[in-house]
Amino acid sequence: MASPRAFTFKCSPSLAFSTKTLMDSKPRTLRSPFSCSTSGSPQREARLSDAVEGAITLQEWQGWGTTSPLPAMVTKIVEDLKALEKDIDAQMSFGGSGGKLQGDFKVQEDKKHRKTYQALGDSEQKLQFFAARQIACRLLGSRGYLCQKCWLPLEDCMCSNVTQSTLWHRMRFWLYMHPKDFLRQNNTGKLLWQVFGTEAATLCLFGISEHEEIMWNALKLAGKNNVWCLYPNKNAALKSVEDVFGQEPSPYLECTDTKTNEDGTLNFILIDGTWNNSVSIFSRLKDQATSVWGEADFPCISLATGVSAMHKLR
């Protein structure tokens with residue numbers, strides 16, 4: 001087995017805190033992994049060599065709903081996965097939800113990635129490695145199977161049913177997503193950028209330094225008074241939308257034909273993950289808020305409870 005390779009971690013100064021079916025059927029021709037399904041139903045089984053040729057490209061990466069550069073750590077892990085294929089002469093295969101590795105390759109890769117993880121120096125490096133590995137496996141396991149826009153199997157693509165709209169120019173959503181929710185078929189956060197576009201609703205992946213740096217650069221430019229997180233923070237006084245903007249006409253909401261400077265944009269961070277994972281995401285937000293603004297009191301907005309039975313369940 002090949003010895004673990006060295007990993008280079010990027011930590012920006014502004015971040016100073018710490019179903020795919022088993023693919024073993026005979027080769028077949030896949031439609032482009034960068035497109036949606038418009039007609040026909042592709043088979044759900046294929047050799048990985050058909051779907052995974054070459055590294056992840058910038059075009060492919062951004063096709064999944066992001067405008068960021070391709071994360072360096074994700075690129076490195078994809079390269080190492082493909083090198084391991086050659087070293088042990090075992091083909092990558094994926095199955096289940098989230099593009100999980102399967103088979104003999106999984107056994108060998110699991111040993112290698114655990115050894116690499118344990119050798120890392122601190123919690124920040126471990127988080128970056130964990131996040132990048134999750135995303136790399138999901139990217140490879142979803143190639144040629146999921147639609148890049150709606151994250152559903154190509155035969156179930158719903159893109160033609162989505163109506164695009166325009167978000168008010170002084171408002172921006174940040175979907176702060178846990179890596180385990182990336183490319184999940186039942187994820188609903190992806191609808192934000194499907195409807196409003198990736199500039200108005202921007203994906204930020206937890207633990208990916210390139211994504212978090214982009215988000216925090218925008219938040220610092222906007223200023224703390226223009227940043228809110230939609231999160232039920234029990235340790236602070238929650239504010240409703242009415243508390244923040246009031247019932248009377250607000251200067252925040254005065255629409256003009258002239259687009260204002262970016263530092264007047266209202267930024268809303270929407271945490272996307274399980275309740276347990278959302279705690280870690282919100283904790284990271286507070287840590288960075290302390291670094292940037294000198295206090296961990298991150299402004300939160302809550303939705304009115306009891307709106308519907310489904311709201312109560314969630």
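Where is the place of Asp-89? I began my notebook with this residue, and I found Asp-89 in the loop between α3 and β1 (94-95), where helices (H or I, at least four residues) and strands (E, at least two) are DSSP runs numbered from the N terminus.

**Entry 1: what I am reading.** I noted that this is a predicted model, in which local features need pLDDT of at least 70 and side-chain atom pairs count only at pLDDT 80 or more, while totals for chains, interfaces and linings use all residues. Residues are numbered from 1 along each chain as its sequence is written, and side-chain values use heavy atoms, with hydrogens and water left out.

**Entry 2: two residues with positive phi.** I read that most residues other than glycine have a negative phi. Asp-89 has a positive phi of about 55° although it is not a glycine, and Leu-183, also not a glycine, has a positive phi of about 65°. Leu-183 sits in the loop between β3 and α6. I then looked up burial, where buried means under 20% relative accessible area, exposed over 50%, and partly exposed in between (1.4 Å probe, protein chains only). Asp-89 is exposed, with a relative accessible area of 72%, whereas Leu-183 counts as buried because its relative accessibility is 4%.

**Entry 3: the whole protein.** I listed 10 helices and 7 strands, and I noted that 48% of the 314 residues count as buried.

**Entry 4: the cores.** I looked next at the nonpolar cores, each a set of buried Ala, Val, Leu, Ile, Met, Phe, Trp, Tyr and Cys residues joined through side-chain atoms within 4.5 Å. The largest core has 45 residues, and Val-74, Leu-81, Ile-135, Leu-139, Met-177, Phe-182 and Leu-205 touch the most other members. Several elements supply at least two residues each, including α3 (72-88), α5 (123-142) and β3 (171-177), and α5 gives the most, with 8 residues. Taking contact as heavy atoms within 4.5 Å, I found that Ile-135 touches Trp-61, Val-74, Pro-179, Phe-182, Leu-205 and Ile-208, not counting residues up to four places away in sequence.

**Entry 5: the sheet.** In what order do the 5 strands of the open sheet stand? I read the order as β4-β3-β6-β5-β7, with parallel pairing, and two strands pair if DSSP finds at least two bridges between them. Since β4 and β7 (300-301) stand at the edges with a single partner strand each, one side of each is left without a neighbour in the sheet. Strand β5 (residues 227-230) pairs with β6 over 4 bridges in the parallel sense, and Cys-229 has Ile-269 in β6 as its bridge partner.

**Entry 6: aromatic rings.** I counted 13 aromatic pairs in the structure, where rings of Phe, Tyr and Trp (its six-membered ring) pair if their centres lie within 6.5 Å, and planes under 30 degrees apart count as stacked, over 60 as edge-to-face and the rest as tilted. Trp-228 and Phe-268 form a stacked pair, at 5.5 Å centre to centre and 20° between the planes. Trp-228 lies in strand β5 and Phe-268 in strand β6, so the pair ties together parts that are 40 residues apart in sequence. Both Trp-228 and Phe-268 are buried.

**Entry 7: a histidine.** I ended with His-113, which is found in helix α4 (residues 103-119) and counts as buried because its relative accessibility is 14%. Leaving aside neighbours within four places in sequence, His-113 is in contact with Phe-129 and Arg-133.
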